Structure formats: C-alpha cells, structure tokens
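Visitor: I have a structure open and would like to go through it with you. Could we begin with a single loop residue and then work outwards?

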Amino acid sequence: VSVVVLYNGPGDAPAEIDAWRGYLKACDPGIDFRVWPDTGPLAEIDYCLAWMSKPGDLARYPNLKAIFWLGAGVDHLLKDRELPRHVPIVRLVDPGLTAGMTEYVLQHVLRYHLRQPEFDAFQRQGLWRKLDIPLAKDRRVGLMGLGVLGRDAAAKLVDLGFAVAAWSASPKTMADVACFHGDEQLMAFLGRTEILVCLLPLTPATAGIINARTLAALPRGACVINAARGGHVVDADLVAALDRGHIAHATLDVFTEEPLPVEHAFWRHPQITLTPHVASQTIAETASQVVIEGLKAVRAGRLPANVVDLQKGY
Ligand SMILES: NC(=O)c1ccc[n+]([C@@H]2O[C@H](COP(=O)([O-])OP(=O)(O)OC[C@H]3O[C@@H](n4cnc5c(N)ncnc54)[C@H](OP(=O)(O)O)[C@@H]3O)[C@@H](O)[C@H]2O)c1
C-alpha cells in the first residue's frame, strides 16, 4: 500500500479532493489516500501530491519517495529552503493543462490578430469603422518558451497559418517555426514579433524579462500576452510602454502578487485585459492519470517523466 497525501489541493474544495481520491483509487484501490492535516504518522507517507505548500511542509515526511507538484511551474516550490532535494519532484505535464493553455493563447492571439481591442474602442464611441486585417501568414507571433506548453501552442498557431517564431534556452527545431535561442538571439526574436506570448518558467534568468529594454525591442504597436508568471513582467515598464503607445495592448493572466491588489494600475488600464490566473487549470480528471503513471514508475524503480531539474530550476 502506498500512502499518498494531498497537500493544498488545486481548489482545496471538498469536491476537488473527492475527485482526486476517486480517480486515484479507481486506478489503484490499494492507495491509502489521506488529506492534510489528517496524515496519520508522517513516517507512513510515501508520496505527496502538493500545490502551494508552505516552506518546510514537505520536509516533514522522512520516507517520501516522490513529490508530485500539481502545477507546471515549480517556482513557488523551489523557494522552499527546506525542500527535500534528494526526492524526485515531478511537475505536472498533463494533456488537459496543455489544452487549456493552448485555448487561452489562441483566444488572445486571434483577438489581437483580428484587432478586436480596436473594434471594442470603436463600439464604445458608437463608431462604424472598418480596419484592415492581414492574412495570418503575415502576422508574426513570437512565443517565449518552446517547452511543453509553447510547443503545443506553436503547433496550433502554425495550423492556423500564422508566422510563428519561438525563443528558448537551448537550440530547438520545429516544423514551420523560426527558432531562436539564448540571450544573443533575444533581440532578433523580439524585433520580428508583433504578438508576444510568454510561456517561460520563472527562474532567476527569466525574472523581469518583459522590461523596458525588451518591450522597446518589439515593433511599435505590438501586443503582449503573459500566461506564465507575474514575475516575468516589470509592471511599471509595461504600463509606461502602453501609455506611450509603443505597446498597443496586453493580456495578463498572472501577477507578482495574487490576487492582484485592488489599487494596482493594471485593473483599470484601458489597454490591459486581465484574467485571474485561469489560463490553464489543473483538472483532476486528466491530471490524476498523469500522477498514476508517475506513481507506477517510481514503484517500479524507474525515474518518472518530467522530474524537475533542480540545477536549471524548471
Ligand atoms: N497561467 C497559468 O495558468 C499557467 C499554467 C501552466 C503553466 N504556466 C507557466 O508556464 C510555464 C511553462 O510551462 P511548460 O510546461 O511549457 O515548461 P517547460 O516544458 O519546462 O518549457 C519551458 C521553456 O522555456 C524555455 N526557457 C527556460 N529558461 C529560459 C531562458 N533563460 N531563456 C530562454 N528560454 C528559456 C525552455 O528552454 P529549453 O527548452 O531550452 O530548456 C523551454 O523551452 C510554467 O513554468 C508555468 O510557470 C502557467
């Protein structure tokens, strides 16, 4: 029997916890599923499924064999100085999560491509005014990050015919995607990008990467979509670039402080669309299947897929 503790589940609502219990036990009735704080003796716990745990939480279990983090980004987890670093940490790579993010990216790229913010402004003024809309092949979309989420979004943007480029840490290739990498190719990537989509992990190397310098490198009138982490954006630099019209519009799903404080300038900025960190959500139905596969791998003595590289920080 493996003992699994669910720690600060995605929604923490009883229905969500019941869903996790139901899916896991349906796959393996032998799983003893416990929910914090009703863990029983801590030494009995083999695996933690965790989300937004607090520093020191995961260090309490002396016999952990793996930690399954119920989100794709581990920046929050890696801030925990007491994190048991000898235990494999598996981040969530889940078809449901990926599909959700791609839908979000497509929605907002299409909205910018089809110039909807401008039509919204005309509507508010009672103006019947047509604008030219280029062919998708002439609309240059740029993805920062060509990982699990970036690749899926890129593939679907290519299907729609967009001129897609991507920027990653290491060199990559992908059919019909212009691939850039590393600091030395960042400016060239930005210079050709009219709609920028951030899907990077938050690490010391990517913190504040959407700043005055990088925004200025985008062509005038570019739009920015940040669905990764709030820490990627220097808020004041983005507001300044929007105010002077260099950046036409921004869509933000994530913020340095969440919930976004009521007094923050983003709330009322006419060129900002915001959503409350919902670009993609962990849904037990699909995520539990991925966790089950990971549990099977660890129990068979294999390293599960998608173990976080603690050196790289993602
Ligand atoms: N808003 C939401 O609801 C939501 C939901 C899910 C995920 N997210 C965010 O999305 C992020 C990406 O997820 P993922 O699963 O696609 O991650 P991933 O598979 O690890 O991909 C990360 C990509 O970013 C690139 N990268 C990392 N550091 C870089 C650097 N310094 N310079 C250039 N490129 C760099 C990587 O390059 P290499 O390929 O060369 O390593 C890789 O292509 C997560 O970390 C999370 O923060 C947000």
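**A loop histidine, and outwards**

Guide: His 269 is found in the loop that joins strand 11 (247-252) and strand 12 (272-274). Please bear in mind throughout that this is a predicted model.

Visitor: Is His 269 buried or exposed?
Guide: His 269 counts as buried, because its relative accessibility is 9% and the cut-off for buried is under 20%.

Visitor: And what does His 269 touch, apart from its sequence neighbours?
Guide: Leaving out residues up to four places away in sequence, His 269 touches Val 239, Leu 242 and Asp 243.

Visitor: How many bridges join strand 6 to strand 9?
Guide: Strand 6 (residues 140-144) and strand 9 (residues 195-198) run parallel and are joined by 4 bridges. Within this pairing, Val 141 has Ile 195 of strand 9 as its bridge partner.

Visitor: Let us change topic. Where is Leu 215?
Guide: Leu 215 is in helix 7 (residues 212-217). Leu 215 counts as buried because its relative accessibility is 1%. Beyond its neighbours within four places in sequence, Leu 215 is in contact with Ile 210, Val 224, Asp 237, Leu 238, Ala 241, His 246 and Ile 247.

Visitor: What separates the C-alpha atoms of Leu 215 and Ile 247?
Guide: A distance of 7.5 Å separates them, although the two residues are 32 residues apart along the chain.

Visitor: What about Gly 230, where does that sit?
Guide: Gly 230 is placed in the loop between strand 10 (222-226) and helix 8 (235-243). Gly 230 is buried, because its relative accessible area is 6%, and the limit for that label is under 20%. Not counting residues up to four places away in sequence, Gly 230 touches Val 254, Phe 255 and Thr 256.

Visitor: Now the ligand. How many residues surround it, and which are closest?
Guide: The ligand is surrounded by 29 residues, and the closest are Arg 91, Ser 170, Lys 172, Ala 227 and Tyr 314.

Visitor: Which polar atom of Tyr 314 is involved, backbone or side-chain?
Guide: A polar side-chain atom of Tyr 314 lies 2.5 Å from an oxygen atom of the ligand. For Asp 253, a polar side-chain atom lies 2.9 Å from a nitrogen atom of the ligand. Leu 146 contributes a backbone N or O atom, which lies 2.9 Å from an oxygen atom of the ligand. The ligand taken alone exposes 940 Å², of which the protein buries 92%.

Visitor: How many residues of strand 1 are buried?
Guide: Strand 1 is mostly covered, with 5 of its 5 residues buried. Val 3, Val 5 and Tyr 7 point one way, while Val 4 and Leu 6 point the other way. In a regular strand, side chains alternate between the two faces of the sheet.

Visitor: And how do strand 1 and strand 2 pair?
Guide: They pair in the parallel sense over 4 bridges, and Val 4 stands opposite Phe 33 in strand 2. Strand 4 (residues 66-69) and strand 5 also pair in the parallel sense, over 2 bridges, with Ile 67 opposite Ile 89 in strand 5.

Terms used. Residues are numbered from 1 along each chain as its sequence is written. This is a predicted model: local features need pLDDT of at least 70, side-chain atom pairs count only at pLDDT 80 or more; totals for chains, interfaces and linings use all residues. Side-chain values use heavy atoms; hydrogens and water are left out. Two strands pair if DSSP finds at least two bridges between them. A residue is near a molecule or strand if one of its heavy atoms lies within 4 Å of it. A polar contact is a pair of N or O atoms within 3.5 Å; within protein, one must be able to donate a hydrogen and the other to accept it, and residues adjacent in sequence count only if both atoms are side-chain atoms. Accessible areas come from the Shrake-Rupley method with a 1.4 Å probe; for residues, only the protein chains shown count as cover. Buried means under 20% relative accessible area, exposed over 50%, partly exposed in between (1.4 Å probe, protein chains only). Contact means heavy atoms within 4.5 Å.
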